[in-house]
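Me: I'd like a close look at a single part of this structure, if you have a moment. Here it is:

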Amino acid sequence: MSFHGAAVRLAIVVTCKGCQKAIPTGERSIPDNPIAVRCPICNEHRQYRPTELYEGRLSFGLIQGGKR
Ligand SMILES: [Zn+2]
C-alpha cells in the first residue's frame, strides 16, 4: 500500500450501535440499500441504513486495519 504524504484518510463509516465507535463499512460511497457491518471492536453485527452512514475518519486504532 502507498499513500501520498499524510493525507487524512476518509472512509464510509458508521457509528457502531454497540460501542459507538466509527467503524469502516468497506464501501466506497454511500450505498442505496442497508448494509450489514460487523464491528471489528466489539463484534456487533448489525444492519445499517444508508442514512446512518457518513464519510468520516475511522476511530483511532482502526486506521491500520487488520489488527485484532
Ligand atoms: Zn462496536
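Leaving aside its neighbours within four places in sequence, which residues is Val13 in contact with? Please walk me through its surroundings as well.

Reply: Happy to, with the reminder that this is a predicted model. Beyond the four places on either side in sequence, Val13 is in contact with Ala22, Ile23, Pro24, Thr25, Tyr54, Gly56 and Leu58.

To place those partners, let's start with the sheet. Strand β1 covers residues 10–15, and it sits in an open sheet of three strands, ordered β2-β1-β5, with antiparallel pairing. The edges are formed by β2 (22–24) and β5 (53–57), each of which pairs on one side only. From one strand to the next, the twist averages 55 degrees.

The pairing of β1 with β2 is antiparallel and runs over three bridges. One detail there concerns Val14, whose bridge partner in β2 is Ile23. In general, the strands of a sheet are paired by backbone hydrogen bonds, in either a parallel or an antiparallel arrangement.

Val13 also belongs to the largest nonpolar core, which has seven residues: Val13 itself, Val14, Cys16, Ile23, Val37, Cys39 and Leu53.

Of its 68 residues, 10% count as buried. Among contacts with a separation of 6 or more, 42% join residues 24 or more positions apart.

Notes: Residues are numbered from 1 along each chain as its sequence is written. This is a predicted model: local features need pLDDT of at least 70, side-chain atom pairs count only at pLDDT 80 or more; totals for chains, interfaces and linings use all residues. A nonpolar core is a set of buried Ala, Val, Leu, Ile, Met, Phe, Trp, Tyr and Cys residues joined through C-beta atoms within 7 Å. A residue is buried if 20 or more other C-beta atoms lie within 10 Å of its own, exposed if 12 or fewer, and partly exposed in between; C-beta atoms are placed from the backbone. Two residues are in contact if their C-beta atoms, placed from the backbone, lie within 7 Å. Two strands pair if DSSP finds at least two bridges between them. Helices (H or I, at least four residues) and strands (E, at least two) are DSSP runs, numbered from the N terminus. Axes are lines fitted to C-alpha atoms, for helices over the stretch in contact, and angles run from 0 to 180 degrees between N-to-C directions.
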